[in-house]
Amino acid sequence: MSASITPDMIARCHEAFHINPVHRLARNAVAGNKIPDVAVNRQVLAETDLTFSHQIETGKITDQKSTGRCWMFAGLNTFRILAMEKMNLDTFELSQSYTMFWDKFEKSNWFLENMLATLEEDIHGRLVMWLLADPLQDGGQWDMFANLVKKYGVVPKSVMPETFNSSNSRFMNRLITLKLREYAAVLRNLHGEGQGVEALRARKTEMLEEVYRMLVINLGEPPTEFTWQYRDKDKAFHRDDAPLTPRGFYDQYIGLDLDSVASLIHCPTVDKPFNKMYTVQYLGNVVDGEIVRYLNVDLESMKAAAVAALADGVPVWHGCDVGQMMHRDAGIMDERMYEYDLVYGMQFKLDKAQRVDYGDSQMTHAMTFTGVDLVEGKPVKWQVENSWGEKCGKK
């Protein structure tokens, strides 16, 4: 067989396509429509019942807008339910701009420290090029969120509201990234001139002063303390006697022991045996904070843990590959949602382990489980609170 594409091979492909008229029907349908619209399984849409046997009441749906702060929104949405219970509120929102500020500041320091740790590495090597690729992106993991809360606490959204650039982070990220790459060049050049790590860290402090300035201009300056007062859903007025720090607000109105919370994953690849802990080198935000940790478990153990939390009224932060089988308007994710096999006349056969190993699947989005439908004690579907506003799905 020839290694190159030959006329005989093209003729064979042509014949294989035209031998079945269904292929032409699919071509005609797809030519004028989005592929998912042609492939959608209407039966799944019709059969999905949006009621649940166990359900947690949440506040007004949040909106991360044009940012990648889903992990942060999902974490704060988990916390706000605890705060709403303590304050007897119908709805409440914590400041995503506040945690965003400190995440960007900490990520800048994390990046610069990684530059110091890799001064002897080739700038064109895979490691340094990977570190330079996207040092200030919006994304994150649970342990990164927990690091921010442990160090800086949280504040109500009214204390540090959104700005245009907190909701539209592209240009802010681009300009701070430009400075971070400039700083990396400066540090490496100074190292090449023979300056030691302590001198470079002193220079790093000056760099972080500039990053702080850029963040304040874009997001506002985080409060160190504030007065908190509110009216609960029974119209009773409350005011704290003394100003609160962000850590004090967290301790008083949320109080979740973050050291008691773990991240579980289900990754059935050969190189990751179950019941072992894993991390990702150079993934993080807070220097000297907790590393990102994942405990790999079988799927039934993961489901049981989520069910137990929801049964106790505790929402569950989770990450998923959101774009694979999601109908955004309907607000439904189902592995049967799109019948691409019918459109193309072929099956897509990668299993979960292969999709991870071969780069087809990864965690792309974080949301919050707020309900589960149990039939004879087994979960058959999950209620998910997202952070895309009220226009998708059932709000």
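A pocket is here an open set of grid points at which a 1.4 Å probe fits, with protein on both sides within 12 Å along at least five of seven lines. In the predicted model examined here, the second largest pocket has a volume of about 200 Å³. Its lining is formed by Lys34, Pro36, Asp37, Val40 and Arg42, together with His327, Arg328, Asp329 and Tyr338; by residue class, this lining comprises 5 charged, 3 nonpolar and 1 polar residue.

Helix α7, which spans residues 126-133, has Val128, Leu131 and Leu132 as its buried residues. These residues lie on the same side of α7, because the arc that they cover around the axis is only 95 degrees. The packing partners of the buried residues of α7 are helix α6 (96-117) and helix α10 (170-192).

Asn114 is located in helix α6 and is buried, since its relative accessible area of 9% falls under the 20% limit applied to buried residues. When its neighbours within four places in sequence are left aside, Asn114 is in contact with Leu131 and Tyr282, and Leu131 is itself one of the buried residues of α7.

Among the strands, β10 (residues 365-375) and β11 (residues 378-385) are paired in the antiparallel sense, with 7 bridges between them, and within this pair Asp373 stands opposite Lys381 of β11. The two strands, β10 and β11, form a hairpin in which 2 residues lie between them, and Glu376, located in the turn, adopts a positive phi of about 55 degrees.

Technical notes:
Residues numbered from 1 in each chain as written. Predicted model: local features only at pLDDT ≥ 70, side-chain atom pairs only at ≥ 80, totals over all residues. Heavy atoms only, no water. 1 Å grid on protein atoms, 1.4 Å probe; cavity = no way out; pocket = protein on both sides within 12 Å on 5 of 7 lines; lining within 4 Å. Points joined across faces, edges and corners; volume = space filled by probe spheres on them. Nonpolar A, V, L, I, M, F, W, Y, C, P; charged D, E, K, R; others polar. Buried < 20%, exposed > 50% of the residue type's maximum accessible area, 1.4 Å probe, protein only. Helix = DSSP H or I, 4+ residues; strand = E, 2+ residues; numbered from the N terminus. Arc of directions from axis to C-beta. Contact = heavy atoms within 4.5 Å. Pairing = 2+ DSSP bridges.
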